[in-house]
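Visitor: Could you take me on a close look at the aromatic rings in this model? I would like to see how they pair up.

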Amino acid sequence: EQSILELKNIYIGKDIDLRVSKPIVDFGESTTWFDNELVDFENFFELKSAPLRQTLIPPYCYEDGIRQALNGRSRVIVSGRGIAMHVRVLPLSINLYRCLEGKTVVNGSENDLQQIAKALSLKTDSPQETLAEMLRLVSSIDSRGNAMMESPRFSDGTCVRAMLATKKNKEIYIPPSLRQEDKPDTADGKEDEKVEKVEIDANAKEVYDELKKRMRNTENITDEDEGAARRDRFALSVWKSEMRGSVNGGFQAGCAFGPLCEEPLRGVLVVIEGMEMALHERRKKTETDDDFFVTRPVSSGMVVAALKTGIRSALLSRPARLMEGHLRLTLHSSLTGLGPLYDILSKRRGKVLSDTMVDGTDLISIEATIPQSESFGLTPELMEKSSGEVTAPELVFSHWEMLEEDPFWIPTSLEEREDYGEILLTGDISTGVVNHALKYIRMLRDRKGLIVDSHKIVVAAEKQRTLARKK
């Protein structure tokens, strides 16, 4: 920034117009807890709450798999429709991430460990036991504060269900809303589709409903049918031998780009909760787990693409938040320059950490943090407003912090409508509240060439319009 100012004022002058693009700032995408999720973790799974606003408005409602996602849980179907995975996304605090990375309980993480134990239904009595159980279940940790793990009931095979396929039914349960795209145009084809739909509902949906009950129930469940138990054990062996390694790749791909503005995910815990698999039975039976084989072969690329879709759709069905980088600034100021300095930092959402007198002088040493997106143009403004009473700040990257603003908030209650008015489509500064998160999302999507919700779509824009002037 200082180099651009010197280039304009000293070397170029006023004769040449220098065009400089807007600064590029890195952000991250994350999530937070639902309000009622913290009250009762056990019954939150069964709550039939309305979908969040971002899942209903364009362009976010066009995300793949969003129709199968609700309250941070998503059921993603692998290509070929032979396997379906149940994925859950939870917020992962920085203290929890440090515990998983260092494999020890850090100071101040006890409440976070207790909270995540309730969310995951871990039967532990102390923070140390909770961390030990999570370390046993965690399969991947990245450098941006994200982690992936298997749920306890998935790890022991309770939430792994396999259905026995037939000649006409080789697919897992597909909801009717997703099957409408596959309906043929002919009348005969429609009749055949109806027959096949009845068979699928009778076979695959039973496995689907049973898996949902097992995911909700924390008690131990065993298969009464020995054949069903052997099918489930074979499906779990397929997961461990053929799919687990590919799932780690899908976790990396899903955390690389988020659904809001294609920025990396930060502070997210991905949980594999369940799996459905369609199996064929071999003609020569040996009464062992090897009597079955998968109806639709699965490659690693199919698993990676499916899990990436599941992570993005599950994250979009939770409260959305942005992560922004903060810079630590150190500067000196006189007593007369404190007023303008604090006003500028407050306007730029800065936080003063300490202010101490420098021995032998009348200067005050100030340490503060400021968001990286608000740091541009800070030095010229400080010099101008304080009349040179404040020194140029030294900026160093400090940490990542969540921006506690809902980018999709709009007035809903009667009091909010009276204070801010009614906005049906997009919430913006016309509500009377400056939404920094929404501003940054629109800025990032516009910079990357993505569809922005505030853009107006013109119908038949290529046609010429001649407006007549009435005299």
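Guide: Let's begin with a word we will need: a residue is buried when its relative accessible area is under 20%, exposed when over 50%, and partly exposed in between, using a 1.4 Å probe and protein chains only. This is a predicted model, where local features need pLDDT of at least 70, side-chain atom pairs count only at pLDDT 80 or more, and totals for chains, interfaces and linings use all residues. Residues are numbered from 1 along each chain as its sequence is written, and side-chain values use heavy atoms, leaving out hydrogens and water.

F154 is buried, at a relative accessible area of 1%, and W239 is buried with 1% as well. Their ring centres are 4.9 Å apart with the planes at 90°, so this pair is edge-to-face. (Rings of Phe, Tyr and Trp, taking the six-membered ring of Trp, pair if their centres lie within 6.5 Å; planes under 30 degrees apart are stacked, over 60 edge-to-face, and the rest tilted.) The partners come from distant parts of the chain, 85 residues apart: F154 belongs to helix 6 (residues 152-155) and W239 to helix 9 (residues 226-256). Here helices (H or I, at least four residues) and strands (E, at least two) are DSSP runs numbered from the N terminus.

Helix 9 also holds F234, which pairs with F292 of strand 9 (residues 292-294), 58 residues away. F234 is buried at 13% relative accessibility, and F292 is buried at 2%. Across the whole structure, a search finds six aromatic pairs.
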